[in-house]
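Here is a short briefing to read alongside the model. Have the viewer open, and let us go through a few parts of the fold together.

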Amino acid sequence: MSKITTEKLHHALKHFFGYDEFRLTQQSIIESVLDREDTLAIMPTGAGKSICYQLPAMLLPGITIVISPLIALMKDQVDALQANGIYGAFLNSSQSPDEQRRIIEDAKKGAIKLLYIAPERIPANSDTFFTFLKGLNPSLFAIDEAHCISSWGHDFRPEYLKLAILKKQFPGIPVIALTASADKVTQKDIVEKLALSHPKIYISSFNRPNINYYIQPKKNAFGHILEYIKKHKDDCGIIYALSRASTEDIAGNLHKAGIKAAYYHAGMDSAERGRVQEAFQRDEYKVIVATIAFGMGIDKSNVRFVIHHDVSKNVEGYYQETGRAGRDGLRSDAILFYSFGDIMKLRRFAEVEGNPQQSAISQKKLQLMQEYCEHEGCRRQYLMQYFGEQFPAYCGSCDYCLSSLEEKDATVDAQKLLSAVFRTGERYGAGYIIDFIRGSASEKIQPDHKLLKTYGIGKELKKEEWQWMVQQLLYHHFLDKTEDQYATLKLNEKSWKVLKGESQIKLVLRKEKEVVAEEQEPEYDPRLLKILKGVRFDFAERENVPDYNIIADNSLVEMAIYLPETFDELKHISGFGDYKVSKYGAGFLKVIKEFAKEHNLPSRMHFKTPKRATKEKKERKEKPAVGNTMHTTFAMFNDGMSVAEIADQRRLSPMTIETHLSVFVATGEIDISKFVSNSKLSQILSVIKSSGQTHALKPIKDLLSDDYTYGEIRMAMEYYKRINS
Ligand code: ADP
Ligand code: ZN
């Protein structure tokens, strides 16, 4: 087949879907499909897999058959296509026979471009079905959520195995399989089970730069959640909790606090679940509190936050859930409340009776989840490495990168804490000890304890600082905790060494948040945005579809920023394909014009640089995805300043500066010899290698003699990762 030009592909993308640029590997995937190659596309959730078969469907003659496992998702996809003036339809068990017949008629007439079919509609050996499909003369098969075919994956669906017949029945028709599952075994399984022939495989980066990752100690989690939601009252989000009961509790309490929240879990009947999901899609509920059962069928692009009230069972699940935030590319938050207690609870659940192998895998995955939560480094880097990608040690948008860190001698503070544990008889949990050490007047503190000398010796530190200290002491085994519900703090041998002054403690302490220079977002008038939302709402009401089906939030924001005046200008706003411009353009342009006139605002369309022209430049600039603050550090370092001098001048801790610079060691822009002598380097590298530890510094430091600093180890670790990538 003759290659379609890039120009034509972009034109089609804009015409049918209103987008200016392809994301990630979309373009290559589409080209591969148009070349009639079998293709496996692996892309994170929300990255835009649908376009990979929808655009070819529009460019190929005839019909494209899409196999998709979730009925709710199908309807959504078809609605979205309809909103772009494309006739898509689905066949599944939710329809009446009449409805199905009508669709089949339309398909036979060649009116339908994309036909979504649920896998259970493919009978194992029904000739009639394949005869029917052959009669439609399909040009392409798309298998969505293709990991469902693999029993290794986390969502095996036996019906998917029937798809193995496809390649036999239609040997000449290309198949595109799509999934967000990055697991190698699953990939191999998909290719084999679908019998794809010499497939082209495309794997996109799993990084979701618009999502900020935060992990917070789980302490008054509900209070923090409520505070967060109140601060973001126009946003909608999902809160995940482990048990059905707690989803109901949390949703109930949010409701009492005046927040439009609902719960969702597998114990509800499917009609009720459908209702909640639908209402969330339409923004009637702002917040859904759900067990993990919620989400696969969700295609809501403006989810602004995903909160994990409890720790997840594994990193894959966690990442997939956080990935439901920010599909529209706007800034979103992923927040997890971490407690070791949750890990303990999950350890029990991870045991699969009679299946030691499966139990071991689950336990290992849980252990890695714990490691992620306790990781002393960039969260994003950890996640990317978990999925097999290299990433610099600093992302600038996770809780670690946003707080400036300091390595401090914490021996005296630790002694205070440990002796408080000792004096109160090793019978209390962290909460009590912290109240005690800070001299709380609360009645909860026993009267005789108020007479002890250690009562109130830790007033100078904040509660959160003591909490952090306890966590760090536990993490480094300077303190133990019972594994029952009381989580009583206990001293151990290492604690006594500290108490006797025989051993010193250096801890990584968090200082106040460093204000990271944020990329300036262009301004718009929120009143106009509100008006635009109103216009969209009216369209949505009239058509009885969710708001974002008319046009996504980010398109509204763009209109409010650039104030397009004409249909032509509107075409430059993301999300406006020709169909949407002609259908909704007048409605939006009218209110923009009115608003601009009333407030005397000129169009700012000339500020909107065509993205494609600047893309190359941007890509070059973006290469190491690092923030400005690090480049400042880097420039100062190149000017010959030492770490201490830079720290002094920038009022950051030396450790933060080292963290910045380590990124450039990782990219090879700074020579490792500037930080670590040759002999030390080889020593550190061999310890890293033999321990297999490439995240945490402390275990490596423990294996080396005292004259190795954290800074040296950090640099060597980055160097190690670079040469082994
Ligand atoms: P996935 O199936 O990978 O989870 P979707 O296909 O549902 O993701 O796409 C997620 C969102 O991104 C949708 O709202 C979609 O319209 C949008 N999108 C897809 N491709 C692009 C693009 N090239 N430019 C802008 N938005 C896009
Ligand atoms: Zn980070």
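Axes here are lines fitted to C-alpha atoms, for helices over the stretch in contact, and angles run from 0 to 180 degrees between N-to-C directions. This is a predicted model, in which local features need pLDDT of at least 70 and side-chain atom pairs count only at pLDDT 80 or more, while totals for chains, interfaces and linings use all residues. Residues are numbered from 1 along each chain as its sequence is written, and side-chain values use heavy atoms, with hydrogens and water left out. Helices (H or I, at least four residues) and strands (E, at least two) are DSSP runs, numbered from the N terminus.

- Helix α1 (residues 6-17) packs against helix α3 (residues 50-59) at an angle of about 100°, and their axes are 11 Å apart.
- Because 65 to 115 degrees counts as roughly perpendicular (under 35 is roughly parallel, over 145 roughly antiparallel and the rest oblique), α1 is roughly perpendicular to α3.
- From α1, the contact (heavy atoms within 4.5 Å) draws on Leu-9, Ala-12, Leu-13, Phe-16 and Phe-17, and α3 brings Ile-51, Gln-54, Leu-55, Met-58 and Leu-59.
- The contact of α1 with α3 has nine nonpolar, one polar and no charged residues; Ala, Val, Leu, Ile, Met, Phe, Trp, Tyr, Cys and Pro count as nonpolar, Asp, Glu, Lys and Arg as charged, and the others, Gly among them, as polar.

**The sheet and its covering helices**

- Seven strands form an open sheet in the order β3-β4-β2-β5-β6-β1-β7, with parallel pairing; two strands pair if DSSP finds at least two bridges between them.
- At the edges are β3 (88-91) and β7 (200-203), each of which pairs on one side only.
- From one strand to the next, the twist averages 15°.
- Helix α6 (residues 127-136) lies across β2 (64-67), β4 and β5 (140-143), and runs at about 165° to β4.
- Helix α8 (residues 184-193) lies across β1 (39-42), β6 (175-179) and β7, at about 155° to β1.

**A closer look at β4**

- Strand β4 (residues 114-117) pairs with β3 in the parallel sense over four bridges, and four bridges also join β4 to β2, again running parallel.
- Tyr-116 of β4 is the bridge partner of Val-66 and also of Phe-90.
- Ile-117 in β4 stands opposite Leu-91.
- Both faces of β4 are covered, with Leu-114 and Tyr-116 on one side and Leu-115 and Ile-117 on the other, all buried; buried means under 20% relative accessible area, exposed over 50% and partly exposed in between (1.4 Å probe, protein chains only).

- Asn-84 is found in the loop between α4 (71-83) and β3.
- With 11% relative accessibility, Asn-84 counts as buried.
- Leaving aside neighbours within four places in sequence, Asn-84 is in contact with Phe-16, Phe-17, Tyr-579 and Lys-580.

**Helix α29 and Thr-656**

- α29 has 14 residues and reaches 20 Å from its first C-alpha to its last, close to the 20 Å expected at 1.5 Å a residue; the expected span of a helix is 1.5 Å times one less than its number of residues.
- Helix α29 (residues 654-667) holds Thr-656, which counts as buried at 6% relative accessibility.
- α29 is mostly covered, since 12 of its 14 residues are buried, including His-660, Leu-661 and Phe-664.
- After α29 comes Gly-668, whose phi is positive, near 90°.
- Thr-656 and Ser-682 are 26 residues apart along the chain, and their C-alpha atoms are separated by 24 Å.

Terms used
Chains lettered and ligands numbered in written order.
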